[in-house]
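User: Could we go through the charged pairs in this protein? I would like to start from the model itself.
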Amino acid sequence: MPSQFNYAGNAIAYAVVVESLMDEAYTIEELIKLSGLADSTTWKFVRALHRRKRAYVAVWRTDRWGRHTKPAYKLGMLPDAVRPPPKSSTRRSLERRQRDALERMKEQV
């Protein structure tokens, strides 16, 4: 006869995910670190909550290149946050020139 506590470890991890999403918005990577669940399991769980309108995208976080590619989820039935448009090549070039100029100023001091 199978034990009724087969999934106790995952149940605790799922509880951690739900409790975390109740408090504030987290990305999938942050939820993986908090809960210890596998990345695919965490993705499936949060995606199921999102599809059933129990979680929403509260904010879009940036990756290491500054692109808004990481949705941060939160529990609730609010509409998803609008994803900011990508930066134009002109804007990226301007920011790069500003960073380079700042670096040159730091080197001179």
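Predicted model: local features only at pLDDT ≥ 70, side-chain atom pairs only at ≥ 80, totals over all residues.

User: How many salt bridges does the structure hold?
Analyst: There are five salt bridges, each being a side-chain nitrogen of Lys or Arg within 4 Å of a carboxyl oxygen of Asp or Glu.

User: Which residue pairs with R67?
Analyst: The partner of R67 is D63, with the closest N and O atoms 2.9 Å apart.

User: Is D63 buried or exposed?
Analyst: D63 counts as buried because its relative accessibility is 12%; buried means under 20% relative accessible area, exposed over 50%, and partly exposed in between (1.4 Å probe, protein chains only). R67, at 45%, counts as partly exposed.

User: What about K87, which residue does its side chain meet?
Analyst: K87 meets E95 in a salt bridge, at 2.9 Å from N to O. E95 is buried at 17%, whereas K87 is partly exposed at 39%.

User: Changing topic, where do D100 and R96 lie?
Analyst: Both lie in helix α4 (residues 89-108), four residues apart, about one turn of the helix. Helices are DSSP runs of H or I with at least four residues, numbered from the N terminus. Salt bridges that share partners also join K87, R91 and E95 into one network.

Notes: Residues numbered from 1 in each chain as written. Heavy atoms only, no water. Helix = DSSP H or I, 4+ residues; strand = E, 2+ residues; numbered from the N terminus.
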